Amino acid sequence: MRFHLFVLLAVLSANSAEEDEDFDFSAYSPPGPYFDKEFSRNVTALVGKTASLTCRVRNAGNRTISWVRHRDIHLLTVGRDTYTSDQRFQALHKPHTDEWTLQIRYPQDRDSGVYECQISTTPPIGHFVHLIVVEPNTTIMGAPEMYINRGSTINLTCIVEHSPEPPANIMWMHNNLEINYDSPRGGVSVITEKGDVTVSYLLIQRAKPADSGRYSCSPSNAIAQEITVHVLNGK
């Protein structure tokens, strides 16, 4: 009985050794670095407002992460070091995290384009991030001048376009003074509809000559625009 058990164990051991020789251990090596593309998204930024382009690199190990501007194939950063004389560019990285950020201060329209987050593998692998720098546009319908009869309703419409997010607030002014919607005059109201295109309506009922003058619409994230209103004495 013991002899048969010894033979069985010997056979099993031999088969196991043959299987070990045929086993492909490389298939089970730790995965290499890769980009979390769901996190590393394209960026829309406002002119003059700091833009942050971030890529998330998994399993980077001891590899170096760089940022390259594709417009002129210019190496901007390597690790946390900056390789450009343009001091608006800076590399940001918190130790023990997967996130690598290219920060651009005071971005301008010319900074729009493709930037590549690159891992120092052989050959290097990269992920493209598109930056769009926009300048919101403000328009007042009917500008630069509007004529309206006394007793009518003044309806001023201010439109804010090309903004990555709606303005936090829109201020209406009359002759350089902020309009008071609770003033004794009464009949003054504003309606603002925020969205991809934000529209603000200033309504002044029972217009009179004192309502004439310069009105300005000033969004919190865009340049103000003006319109001059003339209230006529005719019916």
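Biologist: Where is Arg-206 found?
Modeller: In this predicted model, Arg-206 is in the loop between strand E17 (198-204) and E18.

Biologist: What is phi there, for Arg-206?
Modeller: Phi of Arg-206 is near 50°. That is a positive value, in a residue other than glycine.

Biologist: And is Arg-206 buried, exposed or partly exposed?
Modeller: Arg-206 has a relative accessible area of 47%. Exposed means over 50% and buried means under 20%, so Arg-206 counts as partly exposed.

Biologist: Which other residue has a positive phi without being glycine?
Modeller: His-96 is one, with phi near 65°. His-96 is in the loop between E7 and E8.

Biologist: How accessible is His-96?
Modeller: Its relative accessibility is 87%. The cut-off for exposed is over 50%, so His-96 is exposed.

Biologist: What about Thr-97, where is that?
Modeller: Thr-97 is in the loop between strand E7 (89-92) and E8. Thr-97 has a relative accessible area of 33%, so it is partly exposed.

Biologist: How far is Thr-97 from Arg-58 in space?
Modeller: They are 9.3 Å apart, C-alpha to C-alpha. In sequence, Thr-97 and Arg-58 are 39 residues apart.

Biologist: New topic. Which strand holds His-127?
Modeller: His-127 is in strand E10, residues 125-134.

Biologist: Buried or exposed?
Modeller: His-127 is buried. Its relative accessible area is 11%, and buried means under 20%.

Biologist: What does His-127 contact, beyond its neighbours within four places in sequence?
Modeller: Phe-35, Lys-37, Ser-40, Tyr-115, Glu-116 and Cys-117.

Biologist: Let's follow Tyr-115. What is it in contact with, leaving aside neighbours within four places in sequence?
Modeller: The list includes Leu-53, Trp-67, Arg-69, Phe-89, Ile-104, His-127 and Leu-131. Tyr-115 is also among the residues with the most contacts inside the largest nonpolar core.

Biologist: How many residues does that largest core have?
Modeller: It has 21 residues. Leu-53, Val-57, Trp-67 and Leu-131 are also among those with the most contacts inside it.

Biologist: Which elements give two or more residues to the core?
Modeller: Strands E2 (43-46), E3 (51-58), E4 (65-69), E8 (99-104), E9 (113-119) and E10. E3 gives the largest share, four residues.

Biologist: Why would such side chains sit together?
Modeller: In soluble globular proteins, nonpolar side chains tend to be buried together.

Biologist: What is in the second core?
Modeller: The second core is separate and has 20 residues. Ile-170, Val-188, Ala-222 and Val-229 are included.

Biologist: Back to E9. How does it pair with E10?
Modeller: E9 and E10 pair in the antiparallel sense, over seven bridges. A hairpin joins them through five residues. Glu-116 has Phe-128 in E10 as its bridge partner.

Biologist: And how many bridges link E9 to E4?
Modeller: Five, and that pairing is antiparallel. Arg-69 stands opposite Tyr-115 in E9.

Biologist: What about Pro-123, where is that?
Modeller: Pro-123 is in the loop between E9 and E10. A cis peptide bond joins Thr-122 and Pro-123, with omega about -5°.

Biologist: Which residues does the cis bond with omega about 15° join?
Modeller: Ala-143 and Pro-144. Pro-144 is in the loop between strand E11 (137-140) and E12.

Biologist: What is the strand order in the open sheet of five strands?
Modeller: The order is E12-E19-E18-E14-E15, with mixed pairing. The edge strands are E12 (145-149) and E15 (177-178), and each pairs on one side only.

Biologist: How do E14 and E18 run?
Modeller: E14 (residues 170-174) and E18 (residues 213-219) run antiparallel, joined by five bridges. Met-173 has Ser-216 in E18 as its bridge partner.

Technical notes: Residues numbered from 1 in each chain as written. Predicted model: local features only at pLDDT ≥ 70, side-chain atom pairs only at ≥ 80, totals over all residues. Heavy atoms only, no water. Buried < 20%, exposed > 50% of the residue type's maximum accessible area, 1.4 Å probe, protein only. Contact = heavy atoms within 4.5 Å. Core = buried A, V, L, I, M, F, W, Y, C linked by side-chain atoms within 4.5 Å. Pairing = 2+ DSSP bridges.
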